[in-house]
Amino acid sequence: MSAERIADLNQDYATRYGFSDPEEFLHKAPKGLDHETVEMISRFKEEPDWMREFRHQALDTFLAKPMPRWGNSELLDGIDFDNIHYYLKSSEGSANDWDDVPENIKRTFDKLGIPEAEQKFLAGVSAQYESEVVYHSINENLEKLGVIFTDMDSALARHEDIVRKYWATVIPPEDNKFSALNSAVWSGGSFIYVPKNTRVDIPLQAYFRINAQNMGQFERTLIIADEGAEVHYIEGCTAPVYSTDSLHSAVVELVALKGAKIRYTTIQNWSNNVYNLVTKRAHAHEDAVVEWVDGNIGSKLTMKYPAIHLLGERAHGEVLSIAYAGTGQHQDAGAKMIHAAPNTSSRIISKSISKDEGRSSYRGMVKVHKGCHDCRTNVECDALLIGEKSRTDTFPTMEIAEDDVRVEHEARVSKLADEQLFYLQSRGLDEDQARLMIVNGFIEPFVRELPMEYAVEMNRLIELEMEGSVG
Amino acid sequence: MSDSRNTPIFSCHDVHVSVEGKEIVKGVDLEVGAGEKHALMGPNGSGKSTLAAALMGHPGLEVTGRIELAGEDISELEADERARLGLFLGFQYPVAVPGVTVASFLRAAMSARQGRDVPVKEFRLKMQAAFEALGVPRDFAGRYLNDGFSGGEKKRLEIMQMALLEPRMALLDETDSGLDIDALKIVSAGVNEATGSETGVLMVTHYQRILDYIKPDVVHVFMDGRIVRTGGPELAHELEERGYDWLADTTTASAGG
């Protein structure tokens, strides 16, 4: 496999993902955000009144909330909310047949290898282009089992009851400024419902693409695994390289009911002009298991802390994340575990690589509520620095209100060690090869958790990023 | 045979090594013929390991002097270039690289040394043969390189690497340290097997013990950054009996005179 990967060395983001297509659209909201824009989006989508009101209220919340003063204030303050298109519709409806997807969009996803991936190893695919999902398909057998996998807008139209029952119950708009923003202008995203005791063995995937300049993408994803159900969802993201900024601000809510299991995998590879400010949270009920596998390779600034609220006894939560920050990037990522029931357990493994002038931060919280005895939690943060100017910070918070718990926390910062390089070079590997081998080894615990195809892709991405790196 | 003796497989001339401005190695001359085994013996802190690392091309050391491998000047080459030409350093403290399996590392190293992509099948066969020769369990292949290895396991892996990379000149830094007697026998047999009649060997060691199993042709005594005496195998036994101190006196005397 390594030989193939090395053969790919000359490719780069600009040619592979960073291309852009001419903008063709049916509807594009003017730049800027006010109640009129919100009203327009909701009417355009022919939404029920409760949703329209939800949006307007959320907009008020967004406008009232100050910008967060943590993370990277300097970059956050650089977001020009008036210079963003909040809604852009490129095609009519969502196609179920690949042939019905408009030619220009199809070309884009073909280039990104999406239909190919679907044929090879996925049980369902959703592809979102700008604000709307343009293609959607699900394996017939799953449909027969009662599994719902559709875009969020269609879900609202066709499964309103269940959507309304869970909507914003995990992440209310008031949670933070960006969850409020998403609540006001959300469009697209995935909705999944897996019925009781149903296992979806093959992953479901969504692919998010921003094409237009100064675009805002605000998808909204809600996944419900009913009692004893099991599902693995994967999302990938890319965008063209532009000199001006785009904003991606998603809200993802997971509900794992009694004994259910949800794994949510993200490979985020936005171009370096995209702000990626995402709120992800899960409710894990009795005996449920939720796992966030979160890879952040791209973007200008990512602020993302997947959370799991362990609400029922014996629930288990895991966050396994990797962040890569090169020059011009700040990955502020981490995890939150809230133990709100006895006998719950959690594990956080966070790895970051900061290269050249890149910056990464681990920001995490573990909270154990009073009365939640016999909880176990384990946090491991591992930061790798490459080059003299790279930077990493760790901000761990522990709030433990119960005595009878087991808490382990370990944080390590290592520099890509000269002794490792010398050892590998003394065996004939040149400096680039040696460096890549060390970095690949560092992220191996993460890559190991990905489906094969993604593992290959992940290693390839890291290789591209590492290319020509000289310490 | 006599011809190859005339052109040493490895030599260094007037090698000085400094670490952060402090001179550790103070002028070393050495010639190793093909198939010859040399021992470089000296007390702790004499600069033996620094010399070995410098000969391999450690980038953190300031080195002057001339180093040749098979007649080619390698003084200015990077460590990986030296390795690809056939120089090998068995580390005293092999470095852990977590997440990288022994098998993937060995295959990359073999491919680099041979200048071709060694096919998986061929590689597997060679690796397994080397595992067996050194009494290494098969699950070694899937373990992470030196990560959580015992001292003995690390040393076996070093010698296994040497066997697979087929160097022309092997520098072995304290290969015997951390080995019990059984492991020492296996490792020594591995060295003897892998080196044969063409490879030059320089064993850097504090103790005479390993020389019972890997018979040196030449023994150098290294103290305070210099070779202070060179002789046959009997010199090692003399050191074993008398220690290093009597030679320390002679160096001081010669330095004074």
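Reader: What should I know about the numbering and the model before I start?

Author: Residues are numbered from 1 along each chain as its sequence is written, while chains are lettered from A and ligands numbered from 1 in the order in which they are written. The model is predicted, and local features need pLDDT of at least 70, side-chain atom pairs count only at pLDDT 80 or more, and totals for chains, interfaces and linings use all residues.

Reader: How many strands does the open sheet of chain A have, and in which order?

Author: Strands of a sheet pair through backbone hydrogen bonds, either parallel or antiparallel. Strands (E, at least two residues) and helices (H or I, at least four) are DSSP runs numbered from the N terminus, and two strands pair if DSSP finds at least two bridges between them. Here the open sheet has 10 strands in the order S4-S3-S7-S10-S13-S15-S18-S20-S22-S24 of chain A, with mixed pairing. Strands S4 (132-138) and S24 (405-415) of chain A have a single partner strand each, so one side of each is left without a neighbour in the sheet.

Reader: Which strands are joined to S15(A), and is S15(A) mostly covered or open?

Author: S15 (residues 289-296) of chain A runs parallel to S18 (residues 316-325) of chain A, with 8 bridges between them, and S13 (residues 261-268) of chain A is likewise joined to S15(A) by 8 bridges and runs parallel to it. Within these pairings, A:Asn296 stands opposite A:Ala323 in S18(A), and A:Thr266 stands opposite A:Asp294 in S15(A). A residue is called buried if 20 or more other C-beta atoms (placed from the backbone) lie within 10 Å of its own, exposed if 12 or fewer, and partly exposed in between; by that count 8 of the 8 residues of S15(A) are buried.

Reader: Which residues of helix H3 of chain A are buried, and which are exposed?

Author: In H3 (residues 35-44) of chain A, the residues A:Thr37, A:Val38, A:Ile41 and A:Ser42 are buried. Seen down the axis of H3(A), they fall within an arc of 130° (taken from the directions from the helix axis to the C-beta atoms), so they line one face of the helix. The face turned away from that buried side carries the exposed residues A:Glu36 and A:Arg43.

Reader: How many residues of chain A are in contact with chain B?

Author: Contact requires C-beta atoms, placed from the backbone, within 7 Å, and 22 residues of chain A are in contact with 25 residues of chain B. H13(A) gives the most to this side of chain A, with 8 residues.

How values were computed:
Contact = placed C-beta atoms within 7 Å.
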